[in-house]
Amino acid sequence: MAHVLGTHGYAAVEVFVHEGERGAARAVVADSTAPGTVSGVVTTTEHPSVRPGLAALRRARELFLTGHELPDDVPADVAAAWKRARFFGVRHDVTDSAPEAPRPPARPAESALLTAARPVLERIAPALGTGQGALVLTDERLRVLWAAGCAADDARCRDLSEQEVGHNSAALALHTRRRAEVHGPEHFLDLWQDVSAVSVPVLAPETGQTLGTVTVASELRTECTPHPGAPLAEAAASAVEAELLARSRAAERVLLDAYLRAVREHGHAVVALDGRNRLVSEAAGQLLSPEGLEALERTTVALLRDGGRSEARREFEGDSGTAARPAEEAASGTGAGTAPGKDNDSAAVAGSASSSSSSYRVELPDGADCSATVALVPHLGSVIGAVAVLEPVGRVPVASAGRTAVALAGRSVPWRHAVGRATELALTPEPLLLVGERGTGKTSLARELAARPLVVDAAEGELGAEIGGLADGHPLLIRHVERLAQPDVAALNSLLDTRPGVPLLVTYTPGAPPGPCLQRLLDTLAARSVTLPALRERPEDIRELLPALPPRPAPGQPPLTWTLDALRALEQHPWPGNVTELTHLVRALAETRRATGPVRRTELPDPVREGPATRPLSPMEHAERTTILEALRLHGGNKARAAAALGIARATLYRKLRGYRD
């Protein structure tokens, strides 16, 4: 049994590795006393399928390298990996004296992984003992970030991608997102014919994104599997993920504090960004268009990626053709930047030629009517985000007491085309038919088009005397015309026959085939009809809709914000109930949510969180997926209870959900 205790920063992770029967092993992360850590069973190793013996694989590899046909018993994945290595031009006979290739500079994501992993791996490394053992950490591109043991000084252990070294366990684990083992002759390189290795992917705790791999290598075993270092590799990967989770939550808390402090000090037009999360105050949402917000985010992420160093100048010049300047330099009008008199619509990004500056001036393109001062937010010696304070320039937008109707929020081409057509038709006081699925915003748009119309819902009763008011010239809005009683439809047809120019607005939701009388009414209104697009046809509008949806935040409270991963889930959902369904989701989160910070993907309802299947499903798979999602809904998203209700193991439920996405 190996007992490893890792403490660093905000995490305290205790890892136990137990040897079980028949070589099976289980890695468990115990409860932590520090906030932000995780607990529970992380993974359980599984016995892989039976592979041919090492001697047979060694003979098959020699046949392959000499150009002969492979035996039938060579596993297809191994043969394919050898062929890829030959296609990439990898030399199998390289020596360990090869010159060390220069290592590319690490990016922030890689630096964050290495910073979180180093203290954990340094405590685990002694468990390797003496001999030919090695412990290796790679990033998502399989570049080695850290190594201990015999791999620490290996000149070939700099890049474990198949393009460089051929088949290996790290590349296989990264591809399959599962624990992977490669033994002796399965490797392509001659150097690794006496090496057995096992690798485990390191996943981002909150998004599931693959960040890299942890590999344990040892001398070649007489039996291929299971590798005795598998429990150690799994425990190391789990501990690194726990440390990443703790650091992520601490950094998000720091960014949230900086955002709230900026709101108090500078007013309400504040945006906080870290490349994954976005906090936008209500005033900033009104002042900055979605396009301007995206431009601000691209600029800020570039600053974060560079950490505010002078190299930002070259990056920004490549994007916009203008040099970057610190905020104080932009304010004084000195230094490189926009020439005097140059139009503000050009994208000028305030960067730094001085590493000491942490404040940058951003002038947004496309007539955004505002600029931003971006301040970097440091945490534990690195930059974890930025806070932008927006300032109006030129024309100041009018802050309306009542925001534009929810249904009118949207800048997509289908929505703007429909609203533009409806607005054009509404300029003349004649009947107008608005067609669309339920929840697309037909009634909200109709209320904007007519001045104080009399509203009648056909689903709630008959028209009655309202038709008389229509004849007198008062605008009438009839909702759900498909539910009108037969006498009312006949009365409308008669009125339109005698007075075709009455100010009538009608909403119609297609469904069952209309009867002859209703069909005649629809045919009469067809010449002046507009079809509103469904929300799934304009997913790019969701980010603009969210801040406009009720309920409003309480005074002094920040508005509901969303992580980028949650926004992607919302944009991928088909929304059969359209904007109405989205409104119900936002209201439920606002009323029941207890967590702070942006809404995460894990907080969304299961059908939204899981998203549509990424591949065509068979009828059996579709029925199975529907059953699982319904069980999750009935049990409030609790996967253990849903699995128990379905009579399957929790691991099986996880595996099936992953299978629908792979």
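Me: In this predicted model, a residue counts as buried when its relative accessible area is under 20%. Are Phe64 and Trp82 buried or exposed?
Reply: The model is predicted, and local features are read from it where pLDDT is at least 70. By the cut-off of under 20% relative accessible area, Phe64 and Trp82 fall in one class, and that class is buried.

Me: How many aromatic pairs are there, and which kind of pair do the rings of Phe64 and Trp82 form?
Reply: The count of aromatic pairs comes to two. The ring centres of Phe64 and Trp82 are 5.7 Å apart, and their planes meet at 40°. Planes under 30 degrees apart would count as stacked and over 60 as edge-to-face.

Me: How many residues apart in sequence are the parts that the pair of Phe64 and Trp82 ties together?
Reply: Phe64 belongs to helix H1 (residues 54-65), whereas Trp82 belongs to helix H2 (residues 76-88). The pair therefore ties together parts whose separation in sequence is 18 residues.

Me: Which residue in the hairpin of E5 and E6 takes a positive phi?
Reply: Strands E5 (residues 134-139) and E6 (residues 144-149) pair in the antiparallel sense over five bridges. Four residues lie between the strands. In this hairpin, the positive phi, near 65°, belongs to Leu142.

Me: Which element supplies the largest share of the lining of the second largest cavity?
Reply: The second largest cavity has a volume of about 40 Å³. Helix H6 (230-266) and strand E11 (277-280) each supply at least two residues of its lining. The largest share is three residues, and it comes from H6.

Technical notes
Residues numbered from 1 in each chain as written. Predicted model: local features only at pLDDT ≥ 70, side-chain atom pairs only at ≥ 80, totals over all residues. Heavy atoms only, no water. Pairing = 2+ DSSP bridges. Phe/Tyr/Trp six-rings, centres within 6.5 Å; stacked < 30°, edge-to-face > 60°. Buried < 20%, exposed > 50% of the residue type's maximum accessible area, 1.4 Å probe, protein only. 1 Å grid on protein atoms, 1.4 Å probe; cavity = no way out; pocket = protein on both sides within 12 Å on 5 of 7 lines; lining within 4 Å. Points joined across faces, edges and corners; volume = space filled by probe spheres on them.
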